[in-house]
Amino acid sequence: MESKKTLGIICPVFRNELRALIKDRDVLIHEMGYDVHSRPDRMEQQLEEGISIALQNGYDLRLLVGKDCECDTPIKKLAQQNKGKVLSEKNCIEAFLGRDKTLELQKDRTVLITPSWIDMVQSNIEDGIWTLEDARINFGWFDRILLLDTGMTELSDETLINFFDIVQVPVEIVPIELTHFHEVVEKLLH
């Protein structure tokens, strides 16, 4: 008997790391756009598009998005209504680090991001979702940004300088292992 295929609806923040972890697995990916982080209505719309694909094709449904990310309908509820599974972590940073490590690193007005967040900020500005001022307001009340380097995305000096020019908050790079994220993905896929 052939096993049922799985459709994973993913946040673009996980793109490179997830593809590396599931490259030998039979998981179809439906990737949402970067605009889902700025517009809860788009989050729901794009989740529903992926859910529709899964239901029409009889796929197992997995939502690789934080269960508490902003969405017009709670993400956990969308998963339950459609017999899917969602991360137990509240957001992408907790999926990479776990709750305790996330809380530890976020102390003292520190925000945690991944390289994909840099792409998201630039994409939102280019697409007119954010202005330069919006980006500065969103990041400006932090004293520093810790950029979690998973080793899956090349971080050039030019990229980092351009990002600093946008947000005007010091950026420190912190290498991280994907051990916790791998456990999170395995738990979600089973």
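First, a word on what we are looking at. This is a predicted model, in which local features need pLDDT of at least 70 and side-chain atom pairs count only at pLDDT 80 or more, while totals for chains, interfaces and linings use all residues. Residues are numbered from 1 along each chain as its sequence is written, and side-chain values use heavy atoms, with hydrogens and water left out.

Let me begin with the sheet, which is open, has four strands in the order 2-1-3-4, and shows parallel pairing; strands here are DSSP runs of E with at least two residues, helices are runs of H or I with at least four, and both are numbered from the N terminus. Two strands count as paired if DSSP finds at least two bridges between them, and strand 1 and strand 3 pair over five bridges in the parallel sense. At the edges sit strand 2 and strand 4, each of which pairs on one side only.

Turning to the helices, helix 2, residues 40-57, lies across strand 1, strand 2 and strand 3 and runs at about 175 degrees to strand 1. Such angles run from 0 to 180 degrees between N-to-C directions, with axes fitted to C-alpha atoms, for helices over the stretch in contact. Helix 9 also packs on the sheet, touching strand 1, strand 2, strand 3 and strand 4, and its direction makes about 155 degrees with that of strand 3; contact means heavy atoms within 4.5 Å.

Within helix 9, residues 179-189, the buried residues are Phe181, Val184, Val185, Leu188 and Leu189, where buried means under 20% relative accessible area, exposed over 50%, and partly exposed in between, using a 1.4 Å probe and protein chains only. Seen down the helix axis, these buried residues fall within an arc of 125 degrees, so they line one face of helix 9, the arc being that of the directions from the axis to the C-beta atoms. The face turned away from that buried side carries the exposed residues Glu183 and Lys187.

Returning to Leu63, its contacts, not counting residues up to four places away in sequence, include Ile9, Leu47 and Leu188.

Finally, a note on the loop between helix 5 and strand 5, where Asp108 is found. Asp108 has a positive phi of about 60 degrees although it is not a glycine, and Asp108 is exposed, with a relative accessible area of 67%.
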